[in-house]
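Biologist: Hi! Could you walk me through this one? I'm new to reading structures.
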Amino acid sequence: MFRLAERLVSTGVLGLNRRNAEYTLAWNPRSRYPLVDDKLRTKELALSAGIAVPELYGVIEIERQTRDLPALLGAYTDFVIKPSHGSGGDGILVITGRLRDMYRRSNGQLMTREELRYHVSQILSGIYSLGGHPDKALIEYRVKFDPLLDSISYQGVPDIRIIVFLGVPVMAMVRLPTRMSDGKANLHQGALGVGVDMATGTTLTAVWRNDVVSEHPDTGNSVVGVKIPNWEVLLELAARCHELTDLGYQGVDIVLDRDKGPLVLELNARPGLNIQIANRAGLLPRLYLVEQHHKELVSVEERVAFARKQFCTLKER
Amino acid sequence: MSRRHPYVWAVSLTAIGLGLFLYKVVLLGFPLTPGTISDIWTVETRVAFVARAEPVRVSMYILRGSQRFIVVSENFISQGYGVNSVPENDNQQGVWSIRKAKGSQTLYYRAVIRRVDTKEPPVRSAPPKAAPAGFEGAYLAAAESLIAEIQAQSADLDGLVGELFKRLNRPQPDENVALLLGGESSMSKKVDIGVRVLRHGRIPARVVHGIRVREYDRDVPLIQWVEAHDGARWRGYDPSTGAAGVPEDYLPWWRGDKPFVELTGANRLQVSMSVSLNEEEAIRAAMDRAKIASPGLLEFSLFSLPIQTQGVYRILLLVPLGAFLLVICRNVVGLKTFGTFMPVLIGLAFRETQLAWGIFLFGVVVSIGLSIRLYLERLKLLLVPRLAAVLFVVVLLMAALSVLTNKLGLQRGLSVALFPMVILTMTIERMSIVWEERGPSEAVQQGIGSLMVACVAYVIMTVDYIEYLVFVFPEMLLVLLAGILLLGRYSGFRLLELPRFKALAERKP
């Protein structure tokens with residue numbers, strides 16, 4: 001047991017206690033949390049800074065509005081409903097089409113209007129929100145993912161999680177929904193996490209439920225060695241989110257849309273630690289490096305260049 | 001700077017805690033272990049009432065001592081009241097009076113008693129004149145035939161009294177007994193009728209009110225006993241069985257039919273009694289030394305509190321200990337639990353229910369509640385009404401469990417009422433959400449995690465020695481607090497994280 005702990009320390013693996021004590025508590029001012037915990041505010045903030053986000057169709061704030069849901073949704077055949085204060089991807093409903101009065105979910109199931117309305121009122125009651133506070137439900141554009149990632153995904157939209165420390169992207173992974181995760185891109189729900197080489201945007205190994213794998217569990221396709229398009233743009237987008245929120249340590253979730261390019265889905269002030277398993281590397285050495293050099297890195301371009309140069313995994317091998 | 005603060009605090013808290021502890025142990029000689037069981041108890045009666053701005057007079061029976069217990073000392077704690085101790089028949093009465101009082105008042109009577117082991121038979125006494133039984137009309141005839149029947153069947157006093165109370169205690173009493181009891185089945189009514197029937201048969205008899213003296217007890221119930229005179233001495237009988245004899249730990253308080261406390265000039269009377277085994281002589285001696293060495297220290301110690309409150313703190317002081325354990329389980333081991341302090345409260349409830357029963361009852365309530373909650377999911381209710389519905393279900397479940405286990409004769413089942421029900425409700429709600437969102441395995445995992453922490457907390461919190469240590473040396477909690485502060489800065493791995501990141505360790509040998 002101690003040997004294992006020792007080896008993990010030497011690999012520079014970041015544990016939950018250390019992440020809380022030395023990164024989130026130390027670098028993320030409490031007053032900035034609402035900016036990322038409330039997805040509506042994140043969206044507004046991003047728009048004002050000119051960062052692309054999925055278009056907002058509507059917000060439902062009170063129970064009474066759920067009655068007008070059909071009218072509000074009238075024009076759209078596909079959309080996403082999510083809690084504004086959701087955590088861990090809970091409560092997100094993806095509708096891909098319609099069949100008369102029914103809505104088709106991304107997993108193929110049909111939902112009646114009544115069920116949809118109940119889901120929205122569940123969101124409003126705060127069941128999915130952090131701390132159970134009353135919440136708002138957002139209805140937004142459903143991302144049509146880039147066909148370039150088609151070969152490695154299965155149902156739902158793959159997204160790219162980039163950890164940004166003091167404005168420098170330090171580690172990234174692609175999160176692929178699986179049958180088990182019900183179309184959601186969250187690792188603890190059974191999504192697949194694939195490490196990404198910071199220099200080139202090429203996928204490395206994958207982690208599925210704490211195990212290292214190299215094929216997608218549903219399709220059997222290899223998920224290794226896929227090059228993510230527009231990698232530099234993605235890194236810049238992530239790096240700019242630091243100025244947006246002032247959070248020192250955050251996770252930026254980006255999706256690649258077929259028509260609109262990279263869109264920032266959400267920001268996370270307490271990003272998970274599984275990204276280390278996906279990349280088979282500890283976060284600590286990279287975080288130390290950034291802490292030493294971040295004063296010299298002013299512009300977004302400098303920070304991205306630093307990340308691409310320092311955190312190149314492929315060359316190491 | 002602020003990074004160093006926790007360490008500074010931790011060191012100074014440890015220093016203060018250990019310093020006080022060592023001072024008490026080394027210089028004042030407080031014993032580190034609870035000694036042998038002593039035969040000294042402190043008995044306390046608390047009388048509370050609301051005065052109406054009139055002269056107030058409170059008369060209460062006080063201890064006279066008995067064959068087995070002698071009263072070592074007694075005192076009356078009352079601000080501004082005049083106190084008198086007057087004899088009344090076979091009893092002693094304490095009388096508090098004040099010309100004018102308003103608002104809520106609390107009086108204490110505290111006595112120190114010592115048990116003496118005597119094998120001598122009770123003292124002889126002349127038979128008193130039998131008091132009139134006071135039956136009339138149909139009751140007179142019923143009492144007459146009842147005592148005649150019993151006298152015809154029994155040879156001596158023991159047999160007679162035994163038979164009488166057996167009849168009184170039958171679930172389906174015969175006509176005479178039913179008439180006399182008049183539909184009431186309380187023990188005090190049975191005792192009252194029994195004594196009067198005996199008197200009707202010209203046997204001197206009386207009611208004794210008293211308490212059982214055990215280790216630590218709050219809200220001690222009054223227990224009635226019956227005494228009958230056999231011509232030479234008084235003999236005691238258990239009214240619930242009719243058996244002769246008095247239990248070892250029975251402390252008679254007063255005899256006769258009058259109420260314990262009589263109050264004029266006030267209302268809303270509340271009386272409660274508590275008993276505690278005295279901390280043995282060594283602590284007494286240490287405290288006497290402390291009184292001389294540093295008078296302030298004990299003035300503000302837990303021993304200066306009324307016994308009732310001391311009893312509360314014996315338990316309350318264990319809660320921080322449970323919280324400390326919880327911090328270790330969550331932040332060092334990495335167990336997942338429902339709610340932050342829920343396991344500690346459940347562990348505390350286990351103290352009353354015992355472990356096996358506690359786990360069983362907790363499991364039953366939570367699993368039935370959970371299945372009902374998962375059904376409620378289908379009804380599509382809003383959050384707060386749904387939570388309220390679950391609370392209803394939990395309360396009804398607890399009531400049903402108590403009734404059921406009582407019917408089955410399992411006394412322990414009644415203790416389900418001690419579980420904090422709001423906590424149970426929240427547990428069920430959170431568990432069901434986890435169940436829906438993350439799947440049953442995660443929910444069961446967290447449930448088991450919570451139960452494990454509760455069990456560990458229970459085990460630690462039930463060790464008598466730990467209870468003793470924390471109560472006698474509450475300053476040790478400061479040392480624990482220091483530990484908590486340090487754990488608050490612990491940024492190493494959690495034990496359960498190691499297997500999670502195992503894949504990362506394999507790369508570099």
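Biologist: How many residues of chain B are in contact with chain A?
Modeller: In this predicted model, 22 residues of chain B are in contact with 26 residues of chain A. Two residues are in contact if their C-beta atoms, placed from the backbone, lie within 7 Å.
Biologist: Which element gives the most to that side of chain B?
Modeller: That is α18(B), with 4 residues. The elements giving two or more residues are α13 (421-438), α17 (497-500) and α18 (502-505) of chain B. Helices here are DSSP runs of H or I with at least four residues, strands are runs of E with at least two, and both are numbered from the N terminus.
Biologist: And how do I read the numbering and the cut-offs?
Modeller: Residues are numbered from 1 along each chain as its sequence is written, and chains are lettered from A and ligands numbered from 1 in the order in which they are written. As the model is predicted, local features need pLDDT of at least 70 and side-chain atom pairs count only at pLDDT 80 or more, while totals for chains, interfaces and linings use all residues.
Biologist: OK, where is confidence lowest in chain B?
Modeller: In helix α7 (residues 295-299) of chain B, with a mean pLDDT of 62; pLDDT is the predictor's confidence in each residue, from 0 to 100. Where pLDDT is low, the predicted coordinates should not be read in detail. Confidence is highest in helix α16 (residues 476-488) of chain B, at 91. Chain B averages 81, and the complex gets an ipTM of 0.71 and a pTM of 0.66 from the predictor.
Biologist: New topic: what does α14(B) pack against?
Modeller: Its buried residues pack against α9 (318-333), α10 (342-353), α11 (355-379) and α13 of chain B. Among those buried in α14(B) are B:A443, B:G447, B:L451 and B:A454. Buried means that 20 or more other C-beta atoms, placed from the backbone, lie within 10 Å of the residue's own.
Biologist: Why would residues on a helix point the same way?
Modeller: An α-helix has 3.6 residues a turn, so residues three or four places apart point the same way.
Biologist: Last one: how many residues has the largest nonpolar core?
Modeller: It has 71 residues, and A:A238 is one of those with the most contacts inside it. A nonpolar core is a set of buried Ala, Val, Leu, Ile, Met, Phe, Trp, Tyr and Cys residues joined through C-beta atoms within 7 Å. Helix α7 (residues 231-245) of chain A gives the largest share of this core, 8 residues. Apart from it lies another core, of 54 residues, including B:F165 and B:V195.

How values were computed:
Buried ≥ 20, exposed ≤ 12 C-beta atoms within 10 Å, placed from the backbone.
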